[in-house]
Every structure is written in structure tokens, then in C-alpha cells.
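Work through the exercises below with the sequence and the structure open. Each task is followed by a solution in steps.

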Amino acid sequence: LFYCSCSIKFDKKNIFLEIFLLLNYKMAFVGYLYTSKSANFLQKNVFKNYTKKQGVCGLNASSDSDNSKLAEALKEADIEARKIREEAEKRKMEEEKIRQKKQMKIDRLNAIPEEAEAGTVEEFMYKDGVKEILEKLDTDLVGLIPVKSRVREIAALLVVDKLRRNLGLDTSVPSLHMCFTGAPGTGKTTVAMRMGQILQRMGYSRSGHLVVATRDDLVGQYVGHTAPKTKEVIKKAMGGVLLIDEAYYLYNASNDRDYGQESIEILLNVMEENREDIVIVLAGYKDRMDKFFSFIPGMSSRVGNHIEFPNYEPEELLGIAKVMCRDLEYEMSVDSEPIFFEYIKKRMTMPYFSNARTVRNAVDRARMRAAIRLFNKAFDQSSDGMVSKAELMTLEKNDFVSVEELNALGDNAIVE
């Protein structure tokens with residue numbers, strides 16, 4: 001109105017137009033003020049509320065994580081408790097089975113009359129072929145009375161154990177691991193082979209075969225090589241007998257890093273864990289084996305049978321020579337026996353004597369001399385070239401090395 005009153009020219013249309021414009025400007029200004037304040041309000045309040053809500057959400061997320069961990073811990077504790085209950089129930093069931101098994105044995109034994117018979121020893125000895133093997137051992141091995149007696153004791157234990165089993169009495173596999181001590185050529189390998197056959201016939205081994213091994217077969221040359229070699233030999237001997245000749249060479253006391261110790265540890269474990277499927281025989285000189293056992297006490301405690309093989313007497317070695325000739329379908333002439341007897345007596349006093357092995361070498365030498373003798377005779381001009389069966393089967397006295405020939409070589413000579 002003030003603007004209108006101050007106008008020089010009064011015009012109704014102009015006045016209304018000016019008022020309309022003035023009101024529009026005022027509304028625009030008020031709108032601007034309102035928009036600015038709204039923006040400030042949103043910045044101050046809405047952002048603050050969003051920040052508060054974000055913080056609350058973070059607390060809720062942390063709380064949910066803690067709850068999840070707690071749930072997992074409770075779940076694991078529940079699983080452990082269930083496992084403990086299951087183990088306890090399993091042990092209880094096993095104890096109950098053992099108790100029932102024992103009660104069944106007691107009931108079965110009570111039901112067997114006192115006069116009941118499990119069978120005769122002779123029957124089991126003959127039926128299982130044990131008697132045949134023992135007789136063959138007597139035939140093949142001359143002398144060695146203590147060794148044969150101990151083998152018979154072991155066979156008797158196995159037979160009686162089988163008789164007990166036949167009646168349902170408690171039985172357990174005895175410790176059959178052995179130690180054979182003695183000089184070379186005293187029959188250790190032969191006895192080990194026969195023991196394997198006895199165990200197989202009695203059902204204490206699957207095949208009863210014999211595997212002979214030395215340090216070179218068991219111990220490797222570098223790290224990681226010994227275990228595979230030892231396990232491979234053991235695998236071959238499973239179900240039979242493993243004879244480790246000169247077993248004391250497995251341990252080297254002067255070298256802590258020797259790989260033989262690893263082989264010994266594997267053998268100790270097998271002797272304990274697989275004693276029902278393999279028999280391990282350790283062989284060697286007595287004094288060295290005793291020293292070996294002093295270094296490895298765990299080995300000695302696992303060997304239940306120690307058998308000493310004595311050296312042969314000259315008369316026994318002559319008998320061994322006859323047995324070897326018989327097996328080869330030869331015969332020693334009557335004149336040749338004294339020659340061989342004197343030879344073997346002299347040979348026993350010389351170096352590198354090896355009992356039956358020395359006898360075998362002497363017999364092989366006699367066979368070679370006999371072949372040369374027959375060959376020269378056949379090509380002789382006065383001969384018709386024919387050779388008889390008796391000549392082919394007989395070893396004459398000149399075929400064997402005599403004492404005079406040994407004396408000519410000297411006491412320290414290396415002879416066959």
C-alpha cells in the first residue's frame with residue numbers, strides 16, 4: 001500500500017499487478033528460508049539418528065556373533081559328552097562279551113566228563129606229520145643231541161597245546177622266536193627249515209617256508225633306505241620263518257648314526273605285533289650274540305627259545321660225509337673212510353674250519369677227483385671206454401685229500 005500511495009500515477013490495473021508481484025517475491029523468499037532450514041535440520045538430526053542406528057546395528061551384530069560361538073561351543077561339548085557315553089557303553093559291552101565267553105567256557109568244561117579224552121599224542125604226531133619231520137631231522141642231522149631234544153620239547157608243547165584246544169581249554173600261542181648260537185656249519189639253517197615245517201603242520205604258521213637274510217638284506221646305505229628293505233624281507237617271510245644270520249652285525253656300537261638301529265626297531269615291533277604270523281630266528285656265534293643282547297635288551301626278552309649248536313666230533317663229521325654221499329647217490333668205499341677220518345681230524349686244527357660246510361667241500365672235491373679219474377681211465381688206450389654203474393657211484397680213497405697233502409700245504413694254508 002505504501003508503494004501504491006507513493007506512486008505518481010494512480011492506475012488500478014498497475015496497482016494490482018504490483019501487489020501480485022510483491023506477494024510472489026515474498027513467497028519465494030519465505031520458501032528459500034524454509035528450504036535452507038530444512039536442509040540444516042536434516043543434516044543435524046537425520047544424520048545423527050542414522051549414526052545412532054548404525055551403532056545399534058553393530059552392537060546387535062556383535063551380540064549375534066557371540067551367541068553363535070556359544071552355540072557352537074555347547075554343540076561341541078554335547079558331541080564330546082556323547083562320545084564319552086558311547087565309549088563307556090562300548091567298553092561295557094566288550095566286558096560283557098568277555099564275561100559271557102568265559103562263562104560259556106566254564107559251562108562247556110563242566111559239561112565235559114572227567115574221563116573224556118582229547119586224543120592220543122601219537123595220533124596228533126602222526127596225523128599232522130610232526131613225527132615224520134622229527135624222524136627226517138634225525139636222519140638229516142648227525143649228532144646235535146641237545147638241539148634235537150629242544151626241538152622235540154617245542155614240538156611236544158605245540159601238540160599238548162592242540163590237545164587242550166581240542167577240549168576247549170584256554171590256549172595261547174607261545175613265544176616261538178628263537179636264537180641259534182654256534183659255529184658255522186653246525187646245522188642252524190637246516191634246523192630252522194625243519195622248525196618251519198613243524199609249525200606249518202601244527203597250524204602255527206601258514207606256509208612254514210624259510211627266508212634267510214643278513215645285514216646286507218635288511219640295512220640300507222642312506223637315509224630312508226633301511227625301512228623299505230627290512231619291511232620287504234619281513235613281507236617275504238610272513239607266514240613262515242625268518243632266519244637272520246650273524247644278527248649282531250645289525251648293531252654297530254661305535255656308530256650312533258648306523259642305520260642298523262632302524263632295522264632292529266622294525267624287527268622288535270614285528271616280533272611283538274605279528275608273533276602269530278612269523279617266527280624270527282637270530283643266529284650267530286654265542287659270545288657275539290650275548291653281547292648283542294646286552295646292547296638290545298628288548299630283543300632278548302622277545303626270544304623265548306635259546307638253542308646252542310655244539311661243534312661236531314670227528315666221528316660225527318664222518319657220518320655227515322656219508323649222509324651227503326647218500327643224498328647225492330654216491331658211496332664211500334671202505335678204504336676211503338679212514339683217509340677221510342684222518343683228513344677231517346687234521347682239518348679241524350687248521351684255520352677256517354666250518355664243520356659240515358668243510359665236509360661238504362671235501363665231498364665236492366672228492367667227486368671232482370673221481371670224475372677226472374673216470375675220464376682219464378675212459379680215454380686210456382688199454383680201456384674200452386666203458387664205465388660201470390658201480391664206478392660212477394663209488395668214491396675211492398685216492399679221491400679224498402689226504403693228511404700228507406694238508407701237511408704239504410702248511411698249517412696256516414687256506415684249504416678247501
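**Exercise 1.** Is tyrosine 343 buried or exposed?

Solution. The model is a predicted one. The relative accessible area of tyrosine 343 is 3%. Buried means under 20%, so tyrosine 343 is buried.

**Exercise 2.** Classify the ring pair of phenylalanine 180 and phenylalanine 309, and locate both residues.

Solution. Searching the whole structure gives 7 aromatic pairs. In the pair of phenylalanine 180 and phenylalanine 309, the ring centres are 5.0 Å apart and the planes lie at 55 degrees. Planes under 30 degrees apart count as stacked and those over 60 as edge-to-face, so this pair is tilted.

**Exercise 3.** Describe the pair of phenylalanine 340 and tyrosine 343.

Solution. The ring centres of phenylalanine 340 and tyrosine 343 are 6.1 Å apart, with the planes at 40 degrees, so this pair is tilted. The two residues are 3 residues apart in helix α13, which means a separation of about one helical turn. Phenylalanine 340 has 0% relative accessibility and is buried. Together with Phe400, Phe340 and Tyr343 form one aromatic cluster.

**Exercise 4.** Characterise the surroundings of asparagine 355.

Solution. Asparagine 355 sits in the loop between α13 (336-347) and α14 (356-378). Its relative accessible area is 1%, so asparagine 355 is buried. The asparagine 355 side chain reaches the backbone oxygen of proline 184 at 3.2 Å. Leaving aside residues up to four places away in sequence, asparagine 355 touches residues including Ala183, Pro184, Asn311 and Leu317.

Definitions and conventions. Residues are numbered from 1 along each chain as its sequence is written. This is a predicted model: local features need pLDDT of at least 70, side-chain atom pairs count only at pLDDT 80 or more; totals for chains, interfaces and linings use all residues. Side-chain values use heavy atoms; hydrogens and water are left out. Helices (H or I, at least four residues) and strands (E, at least two) are DSSP runs, numbered from the N terminus. Buried means under 20% relative accessible area, exposed over 50%, partly exposed in between (1.4 Å probe, protein chains only). A polar contact is a pair of N or O atoms within 3.5 Å; within protein, one must be able to donate a hydrogen and the other to accept it, and residues adjacent in sequence count only if both atoms are side-chain atoms. Contact means heavy atoms within 4.5 Å. Rings of Phe, Tyr and Trp (its six-membered ring) pair if their centres lie within 6.5 Å; planes under 30 degrees apart count as stacked, over 60 as edge-to-face and the rest as tilted.
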